[in-house]
Amino acid sequence: MLIPNLPPNAVIVLDNASYHNVQDNRPSTANSRKDSIKRWLDSHGIRYADDATKIELIELVKLHKPRYKTFSIDSILARHGHVTIRLPPYHPELNAIEKIWGIVKNWVAQNNVTFKLDDVRRLAEETFSSITKEE
């Protein structure tokens, strides 16, 4: 729903919600099989000794993985001509939507008397529609 509603060449600011951070081509971990680690290194053209231990291979992955870290959402948006910027972790004050969510959550909590999902949805929608540009 987002992409068709964006202006051309939009810049999207993302927080660190887990669903924003699904990685493409996830690097191998210490729990990966040795052949899987080698495949990841090979796919990125990273050389290693034929007799390298699993620990040595994992150290190579750790050394190189920041360069190859890509996120699915970034790739999707880039294919449509958009750019993403990520907020630093644990800084909700930099994310304006957090203030709006606070207003909505407080209103719903104060006015929710039935505790039914449909009523919570209705209260949230009413609150969102009443939020002003100044807020």
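**Exercise 1.** Sort the lining of the largest pocket by residue class.

*Solution.* Start with the classes: Ala, Val, Leu, Ile, Met, Phe, Trp, Tyr, Cys and Pro are nonpolar, Asp, Glu, Lys and Arg are charged, and the others, Gly among them, are polar. Next, list the lining: V13, L14, D15, Y19, H20, L87, L94, N95, A96, I97, E98 and W101. The tally is eight nonpolar, two polar and two charged residues.

The model is predicted: local features need pLDDT of at least 70, side-chain atom pairs count only at pLDDT 80 or more, and totals for chains, interfaces and linings use all residues. Residues are numbered from 1 along each chain as its sequence is written, and side-chain values use heavy atoms, without hydrogens or water.

**Exercise 2.** Which elements give two or more residues to this lining, and how much space lies in the largest pocket?

*Solution.* The pocket (on a 1 Å grid over the protein atoms alone, an open set of points with protein on both sides within 12 Å along at least five of seven lines; lining residues have an atom within 4 Å of a point) holds about 220 Å³. β1 (11–14) and α4 (96–111) each give two or more residues. α4 gives the most, four. Helices are DSSP runs of H or I, at least four residues; strands are E runs of at least two.

**Exercise 3.** Describe the second largest pocket.

*Solution.* Its space is about 180 Å³. The lining includes Q23, R26, P27, K62 and K69. Helix α2 (residues 54–64) gives the most, three residues. By class, the lining has five nonpolar, three polar and four charged residues.

Notes. On a 1 Å grid over the protein atoms alone, a cavity is a set of points where a 1.4 Å probe fits but cannot get out, and a pocket is an open set with protein on both sides within 12 Å along at least five of seven lines; lining residues have an atom within 4 Å of a point. Grid points are joined across faces, edges and corners, and a volume is the space filled by probe spheres set on the points.
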